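This report covers one predicted protein model.

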Amino acid sequence: MKNSDVNPADKRHAGSGDLTYELDMVSADLPDFLNLLPMAELNSFPGLTSTILVDECMSQEVVRKSERGDGLMALFPLKTLDIDTCDLKPSDFYPMGVAVRIVSVRETEQGALRVSVQGISRIAFTQLLSGDIPSVKIIPHREPPLREDGSLKPLVLEARRLYAEVLKLIPGLPVELFKINNLLDGEPVILADLIMASLPLKSPAKAEYLMIQGLKHRYLKLLEHLTIEVSNRKAGQAISRRIEQGLDRRQKEIHLREQLKAIKAELGEDEPCESERNRDLFLRLNDLPLPEAARGAAEREKARLSNSQPQSAEYGVIMSYLEWLAELPWGLSSEECRDLAKAREILDRDHYGLGKVKKRILEFLAVLKLTGETARTPILCLTGPPGVGKTSLARSIAECLGRKFVSVSLGGLRDEAEIRGHRRTYVGSRPGRIITEIRRAGFDNPVFLLDELDKMGAGPNGDPSAALLETLDPEQNQNFTDHYLEVPFDLSKVLFILTANVLEHVPAPLRDRMEIIEVDGYTVQEKTEIAFRHLWPRELARHGLSEGELELPREVLEKTITLHTWEAGVRELSRNLSALARSRSVAKAEGSGFPARIEESELKEILGPPVRHLEVKELAPQTGVVTGLAWTAAGGDIMFIEAAGMPGKGRLSLTGKLGDVMKESAQAAISYVRSRSALWRLDPEWFSRHDIHLHLPQGAIPKDGPSAGVGIAAAVVSLASGRKVRSDLAVTGEISLRGLVLPVGGLREKLLAAQRAGITTALIPAGNSQDLDEVPPEVLEGLEIVPVRTLDEVIDIALLPPDCMVYPNKQEGRSPAWASGNRFGRPAGFTLP
C-alpha cells in the first residue's frame, strides 16, 4: 500500500477556503483494538488527509471491513518489502504508527482501492492478533503540552524558511503547499508533520520521525532532513548547469570547425590527417584490393567519418560500415587441393556409398585442375531423406577441396533481409547471412552450405527464396549486392551446396539454378557397413569404451537394423547403437565386470520392443486389401489400400487424409474398372447397388500423388470379384482411363521399403524399368520385380485364383447366366458378393 496526494484536513477553514487541518491530535474515542493495514510507505500523519492505494486482496478486505464498521484503521509501516503479509509478526513493523479514519473508498479500473484517510493520532501496539484479517491492540500517544520558553519558535521559523526553499527547488509539487506553509502560523505540530509528509524521503526516515517524542526533537530531525535536501538539490542544479554549459561549448566548437573547413576549402588547403582513432582502419582500407564501386564507397564514408564528431550517432554507423568493408575477403582466396586421389580417399573415408555425389565432386576437381581459375563453380543441391549424410557430406567436400566450410540453416527463415541484409537507414542494421558467413570464413571461395532449403517460406517481409535467385545464379552472383553494403561482392568462387528433403516446396526458378543430386536411402547391407565403419567406433569412443572391450556381432547389428529401426537414413540406428554402448558404460563406471559381447537376447531389454512386429508377407491374404508403395520425405514406405462395399446407390467415399491428386486417381481407377466389368464378367449391377469406401490407414498423415492408382483399382476388382490379394506382393503405378500403368517417381526408395517390409514381389510400371539401374543389387536379389503395362496384367498377378476366394453372399441354387464362365476361370454357379 502506498500514500499519495497529501494535504491537510480539518473541520474548520484556515484562510484559503479549501484547505483545512484538524487541531485535535488525540481522540478519546479510539477503541482498544483496530484493524491493521501494513504500509510499505507511510505518508499519513495526525491531522493530515492522504490517499492510500490498496491493491493486495488481504489489505482490501481490511479496508472493506473497517469501512463497514466504525471506519477506523491502524497504519503501521513495514521494516522491509519482502515480508509475507499472510504471516505477519510484531518484529516486522516499526513500533509507532498512525490511527486513521476512512473518509472515502473508490475502486480503480485495475481493481485497486483508492482510500482517502484522515490521520487521528500516533499510536503504538502491544499485541498483534491474527484472524480473517490482522488487528492490533493499541495505545494512543498523547502529545506533551508545549512550553512557552521561546526555544521552539526559532526552529519553526528556520523550518518554514528551508521548506520554502525546498519547494522552489523541487519541480512538480502542488502550488497549495506554498500557501499552506504561510497559513500554518501558530500550528507547529501540523506544520512539522505536513513538511515531513511532503518531503521525498524513504519510509525508514519517516518511520523514525514518527517515533520521536517531543515536538522540539521532531523539529531538530526535520531541520536535518531539510538542510540535506536543500544541499542535494542545489548541488544537482549546479551539475546540470555545468552540463548545459559544456554542451553549449561543444556546439559552438562544432560550428567553428565547420566554418574552418569552409575557409580551408576556399583557400584550397588540404584537410588534416585522420585522427589516431581511425588511422589504422583507413590504412587497412587503402591496402585492400577493393573493386571500383567499393573503393568509391569507402572514400565517401571516410570523408564523412573525418567530418563527424565521435559523440554523434552517425559516427558509430559510419565506423561500423567501414569495418565491415575492411574485414571482407576482397580477392582473397584460400589455396585449393587439386589432388584427385586425396579427395577420393577423404570421400571414401567419411562416407560409404553415395557414388553419384563423389563422382560429381571428382569431376569438378578434374575440371578445376585442367582449366585453373576459369572453371565454373557448380551449385549443388543434395536432396534425400533425413539421416542419409547430406550435411556431413558437405563438410567432407570442403575438406577434400581444402576450403573453409561455413553453413546457414534456412529452416524457418521468413525474412528476405536475412539473406540480403538490412539497409543502413534502420536502427541496428547489419549485413545478411551470406556476407556475414563470408567474413567469418576469411576467404572468398569457401564451401557454403545452405541447409534445409525446403523448410524456408515467405513471410510479411518478403520471400527469402527470391533473394537466393541472385545468390545462386552463376551469371549474377559475381555482382551480389547486400542491402547493407550497397556495393557488389563476388560470390562466383563460392561452392554453394544446398540440402533438402523434398523439392516440391522449392520454387521452380530456384530449382532451375541448381544441379540436383539425389542422395538415396540405404539398404540393410549399406547400413551395416556404415555402422561398422563409422557409427559403432564413434559411439564406443563417446561412451568411454574401446573396440576391444565390446563386440557387436554382425547378426545382432542386422537384427537391430531390421527390427528396431524403420528409416531411410541412419539416425535412429545411431541412437540405438548409443543405447547399446551405454548399457556397458554403467558397469565400467562402477568398476564391475560386464559381458564383452552384445547378444541378440539383450536387444529387447536395451532397445525396447521391436518397431516391426510382423512382416507383410506373413499376413493372410484378404479381399479388398492391397499393399501399395509410397515415397515420403523420410524415404520409402508401404501403405495399405483398403476397399469395403456395402448396400447403397453407387456412392464413393474416400478417407485417410487424401490429397486432390490421389482422389482423382481413385475416381479414374473405379471408372476404368466399371468400364471393364462386362469384359471381366463382373456383375454389371454390383456398382450401382453398392457404395464403395476406400481408406488408407494412418489417417493423420497427409497422402497425395498418382502412384496409388493401380493399387486402388486392384483393391476394387478384388472387392467386386471376391478374389483375395496376395499379401507378399506390393504395387505402384499411375492408372489411366485406358487401363495403362504409367511411370512414377521414387522407385528406389519404394523398393527399399518393400524389402524392409518383407515383400517378395513388386509390380512396377514398365516405363520405370530403366530406373532399376539405380537400385542396389542386393535389393534386386531379394525381390522379384515384375514390370507391367496394363491393369489386366496386375489383376492376373496380384489376385489369387478363384479356388482361394471367399463367398460372403453365395446363395445356393442361384447362378446368373453371366457367371457361367469368365477369363478368371471361375466355376459355374459362382455368386459375387
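## Aromatic pairs

Rings of Phe, Tyr and Trp (its six-membered ring) pair if their centres lie within 6.5 Å; planes under 30 degrees apart count as stacked, over 60 as edge-to-face and the rest as tilted. By that test, Phe76, Phe93 and Phe125 form one aromatic cluster. The whole structure holds eight aromatic pairs.

One of them joins phenylalanine 448 and phenylalanine 496: ring centres 5.4 Å apart, planes at 35°, so the pair is tilted. Phenylalanine 448 sits in strand S12 and phenylalanine 496 in strand S15, so this pair links distant parts of the chain, 48 residues apart. Both phenylalanine 448 and phenylalanine 496 are buried. Buried means under 20% relative accessible area, exposed over 50%, and partly exposed in between (1.4 Å probe, protein chains only). A second pair is tryptophan 686 with phenylalanine 687. Here the centres are 5.1 Å apart and the planes lie at 85°, so the pair is edge-to-face. Tryptophan 686 is buried at 3% relative accessibility. Phenylalanine 687 is buried too, at 4%.

## Model and chain totals

The model is predicted: local features need pLDDT of at least 70, side-chain atom pairs count only at pLDDT 80 or more, and totals for chains, interfaces and linings use all residues. Residues are numbered from 1 along each chain as its sequence is written, and side-chain values use heavy atoms, with hydrogens and water left out.

The chain has 26 helices and 27 strands. Helices (H or I, at least four residues) and strands (E, at least two) are DSSP runs, numbered from the N terminus. Of the 833 residues in the chain, 49% are buried. Contact means heavy atoms within 4.5 Å. Among contacts with a separation of 6 or more, 74% are between residues 24 or more positions apart.

Two strands pair if DSSP finds at least two bridges between them. Five strands build an open, parallel sheet in the order S11-S12-S15-S10-S16. Its edge strands are S11 (405-409) and S16 (515-518), each pairing on one side only. From one strand to the next, the twist averages 20°. Axes for such angles are lines fitted to C-alpha atoms, for helices over the stretch in contact, and angles run from 0 to 180 degrees between N-to-C directions.

Strand S10 (residues 380-383) runs parallel to S16, joined by four bridges. Cysteine 381 stands opposite isoleucine 516 of S16.

## The largest nonpolar core

A nonpolar core is a set of buried Ala, Val, Leu, Ile, Met, Phe, Trp, Tyr and Cys residues joined through side-chain atoms within 4.5 Å. The largest has 51 residues, and Leu450 and Leu453 have the most contacts inside it. Elements giving two or more residues include helix H8 (292-306), helix H14 (433-441), strand S12 (447-451) and strand S15 (495-500). Helix H9 supplies the largest share, eight residues.

Which residues does leucine 450 contact, beyond its neighbours within four places in sequence? They are Val408, Leu410, Ile434, Leu468, Leu472, Phe496, Ile497, Leu498 and Thr499.

Isoleucine 318 lies in helix H9. At 1% relative accessible area, isoleucine 318 is buried. Leaving out residues up to four places away in sequence, isoleucine 318 touches Glu301, Arg304, Leu305 and Ser308. Its C-alpha atom is 9.8 Å from that of alanine 298, 20 residues apart along the chain.

S26 has a parallel partner in strand S23 (residues 729-731), through three bridges. Alanine 730 faces alanine 762 there. S26 also pairs in the parallel sense with strand S27 (residues 784-788), over five bridges. Proline 765 stands opposite valine 788 of S27. The chain passes from S26 through helix H25 (residues 777-782) to S27 in a right-handed β-α-β crossover. Right-handed means that, with the strands pointing away from the viewer, the path from the first strand over the helix to the second runs clockwise.

## A buried loop aspartate

Aspartate 92 is in the loop between strand S6 (72-77) and strand S7 (96-107). Is aspartate 92 buried or exposed? At 9% relative accessibility, aspartate 92 counts as buried. Not counting residues up to four places away in sequence, aspartate 92 touches Pro77, Leu78, Lys79, Ile83 and Asp87.
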